[in-house]
Amino acid sequence: MNNQTNGGPQPHGPKQSNRGLVKVGIVALVAGLLGGGIAYGGASAINNANGGDTSYKNGTTKVANVTVKTNSDATKAFSKVKNAVVSVVNLQKQSSNSESGLYGIFGGGSSSNNSGSSSSSSSDNSLEAASEGSGVVYKKSGNDAYIVTNNHVVSGSSALEIILSNGKKISGKLVGTDSTTDLAVIRVKADEVSTVAQFGDSTAIQAGQSVLAIGSPLGSQYATSVTEGIISATKRTVPVENESGNQTGDATVIQTDAAINPGNSGGALVNLAGQVIGINSMKLASSSSGTSVEGIGFAIPSNEVVSIINQLITNGKVVRPALGVGLVDLSNVDSNSQSSTLKLPNSVTGGVVIMKVYSGSAAEKSGLKKYDVITKMDGKKITSQADLRDVLYAHKIGDKVSVEYYRDGSLKTGTVTLSESTSDLTNQTK
């Protein structure tokens, strides 16, 4: 992703606020070491408590002769999707630097910029497994089958190895990637695939409904693991960082408390009908103050996934329309600034504030300026950056879109001719 040059709304706010937001493959090695330590300590404590006491010889305890037949909605949904969820191994050329010992643990060598759990060398001596993630088989067409995963799972790869749910390893070829949404598509041979997942409508989901997260936490050793939770929020705008730790934009995602761990990246978030409603991508590990966080994971909504992967199949890339502005939600602006700086009427309670206008952008050409407050676009009410992004991404480059906004307290209307993402624009503001 280009820094603050994504199509559509741009980020605004202090950098430190997103320290805890991580793509879920980043801390696999650390998590694995921590988990192993806890398990070892727990086993030792149990053995010490038993003390090896063998004075009771007449053991008569038996297993109850009762069988519970479980066929819940969750088990049905899992059975429907599980064989479509795969592990994705990112293979890279071996570094001349040693990656063993502490050097490898602290990020040395080729795997330092890749998320996912570490893995052993592949059978090809020129390549090694740098990271692992998950993926979902979603389509078969002729001799090919297609897998959706996260861009950060395949980033930097020289080759890709796919581990199917039955454990068979096959090669995959990268079709296209989109760093803005953190999505990628991989092609494999169709005759190797037995199950294809179905996408559900992510606009129909509700907070509180039950969902399953399926993937390979900590790598293929735990492939096809399933966790259950609920949808915590249907639309959450979160900051997105590139591999250098720079904020590159915002993403509108589904928030869930279903356990998402390193290696789950690219896996499926599934409703109880067995439909994929999201692709798991990130989790919140800690707050800006350093407080540990549990149960806050994020998935890319299925409707956005479908739009992106269709473009990747067709063009190998995604070209999206943009205004060419930096924005902040009006709800994040204090009341004093709303009245003194923006001069908004009290009746205006929602919208997005333009904080930056890129030179040569669609916004500049249409006459939009800093501190304009957009309240409607294409006839649709705008209360947040997520709303604006939804409107923009429903259009094509070159479309003319109506816009309503407040400037110095007065309501104005205009028309914007949408242009490409601001990545090629000069970083000048008006």
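Me: Why is T375 called buried?
Reply: In this predicted model, T375 has a relative accessible area of 11%. The cut-off for buried is under 20%, so T375 is buried. T375 is found in strand β17, residues 373-377.

Me: Which residues does T375 touch, leaving out those up to four places away in sequence?
Reply: T375 touches V348, G350, K380, K381, I382, E404, Y405 and Y406. A touch here is a contact, with heavy atoms within 4.5 Å.

Me: Where does helix α5 lie?
Reply: Helix α5, residues 302-315, lies across β3 (127-141), β4 (144-149), β6 (169-178) and β7 (183-189). Helix α5 runs at about 55° to β7.

Me: What makes those strands part of a barrel, and in what order do they come?
Reply: Six strands close into the barrel, in the order β2-β3-β4-β7-β6-β5, with antiparallel pairing. From one strand to the next, the twist averages 40°.

Me: How do you know that β2 and β5 pair?
Reply: Pairing needs at least two bridges between two strands. Five bridges join β2 (residues 85-93) to β5 (residues 159-163), so the two strands pair, and they run antiparallel. In this pairing, N90 stands opposite L160 in β5.

Me: Why is helix α8 described as largely enclosed by the rest of the structure?
Reply: Helix α8 covers residues 385-393, and seven of its nine residues are buried, so the helix is largely enclosed by the rest of the structure. The buried ones are Q385, A386, D387, L388, R389, V391 and L392. For the protein chain, buried residues make up 45% of the 430 residues.

Me: What lines the second largest pocket?
Reply: The lining has 24 residues, and N303, E304, R389, D390 and Y393 lie nearest the centre of the pocket. The second largest pocket has a volume of about 620 Å³. At least two lining residues come from each of β9 (225-241), β10 (247-256), α5 and α8. Helix α5 gives the most, with five residues. By residue type, the lining divides into 10 nonpolar, eight polar and six charged.

Me: What makes the second largest cavity a cavity, and what lines it?
Reply: A cavity is a set of points where a 1.4 Å probe fits but cannot get out. By this rule the count comes to two cavities of 30 Å³ or more. The second largest cavity has a volume of about 30 Å³. Its lining consists of V85, V86, S87, I163, L164, S165, G215, S216, A223 and T224. Strand β2 gives the most to this lining, with three residues. The lining residues of the second largest cavity divide into five nonpolar, five polar and no charged.

Me: Finally, how many helices and strands does the protein chain have?
Reply: The protein chain has eight helices and 21 strands. Among its contacts between residues at least 6 apart in sequence, 68% join residues at least 24 apart.

Key: Residues are numbered from 1 along each chain as its sequence is written. This is a predicted model: local features need pLDDT of at least 70, side-chain atom pairs count only at pLDDT 80 or more; totals for chains, interfaces and linings use all residues. Side-chain values use heavy atoms; hydrogens and water are left out. Helices (H or I, at least four residues) and strands (E, at least two) are DSSP runs, numbered from the N terminus. Axes are lines fitted to C-alpha atoms, for helices over the stretch in contact, and angles run from 0 to 180 degrees between N-to-C directions. Buried means under 20% relative accessible area, exposed over 50%, partly exposed in between (1.4 Å probe, protein chains only). On a 1 Å grid over the protein atoms alone, a cavity is a set of points where a 1.4 Å probe fits but cannot get out, and a pocket is an open set with protein on both sides within 12 Å along at least five of seven lines; lining residues have an atom within 4 Å of a point. Grid points are joined across faces, edges and corners, and a volume is the space filled by probe spheres set on the points. Ala, Val, Leu, Ile, Met, Phe, Trp, Tyr, Cys and Pro count as nonpolar, Asp, Glu, Lys and Arg as charged, and the others, Gly among them, as polar.
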